[in-house]
Amino acid sequence: MIQEHSLSSLEGATEHLSGQKAQAFSMFKDLNMIAVASENGFHMFDYESELKHVKSVMLKNVVQMCFVEMYVVVVTEDEDNSEDAILLSYMIDGEEPEGTIKIK
């Protein structure tokens, strides 16, 4: 049985992920952060008291993601060459990547 307070905590995610399929997911327990990638980008949420939206980054083709200290590291498929991958590193509070590496 789902409790009433847990339903209201999903409202923060529903606004940003409604009708989209999750493609990747990561969780950082120390900061109570969750990152979810969909077809249009990835979204970060603080889950300390409820699922509060922190930020969205519009980035296509996300296949993997993880937290490393104060960074979220994202792997995407290269749109120009499906055999290549691009690794991007974002500060948790940053909007632009701090670093980018293309991998064959």
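What is the relative accessibility of Phe-42, and does that count as buried or exposed? Select Phe-42 to find out: at 0% relative accessibility, this residue counts as buried. Here buried means under 20% relative accessible area and exposed over 50%, with partly exposed in between (1.4 Å probe, protein chains only).

Before moving on, two notes on the model. It is predicted, so local features need pLDDT of at least 70 and side-chain atom pairs count only at pLDDT 80 or more, while totals for chains, interfaces and linings use all residues. Residues are numbered from 1 along each chain as its sequence is written, and side-chain values use heavy atoms, leaving out hydrogens and water.

**Stop 1: strand 1**

Select residues 24–28, which make up strand 1. Strands (E, at least two residues) are DSSP runs, numbered from the N terminus.

(Two strands pair if DSSP finds at least two bridges between them.) Met-27 sits opposite Ile-34 of strand 2. The two strands form a hairpin with four residues between them, and Asn-32 in the turn has a positive phi of about 55 degrees.

**Stop 2: the aromatic pairs**

There are two aromatic pairs to visit. Rings of Phe, Tyr and Trp (its six-membered ring) pair if their centres lie within 6.5 Å; planes under 30 degrees apart count as stacked, over 60 as edge-to-face and the rest as tilted. Show Phe-28 with Phe-67: this pair is stacked, 5.6 Å centre to centre with 25 degrees between the planes. Phe-67 lies in strand 5 (residues 62–68), 39 residues from Phe-28. Phe-28 has a relative accessible area of 16%, and Phe-67 is buried at 12%.

Next, return to Phe-42 and show Tyr-90: their pair is edge-to-face, at 5.5 Å and 70 degrees. Phe-42 belongs to strand 3 (residues 41–46) and Tyr-90 to strand 7 (residues 85–91). Tyr-90 is buried too, at 4%.

**Stop 3: the core**

Finish with Val-72. Along with Phe-42, Val-72 touches the most other members of the largest nonpolar core, which has 17 residues. Such a core is a set of buried Ala, Val, Leu, Ile, Met, Phe, Trp, Tyr and Cys residues joined through side-chain atoms within 4.5 Å.
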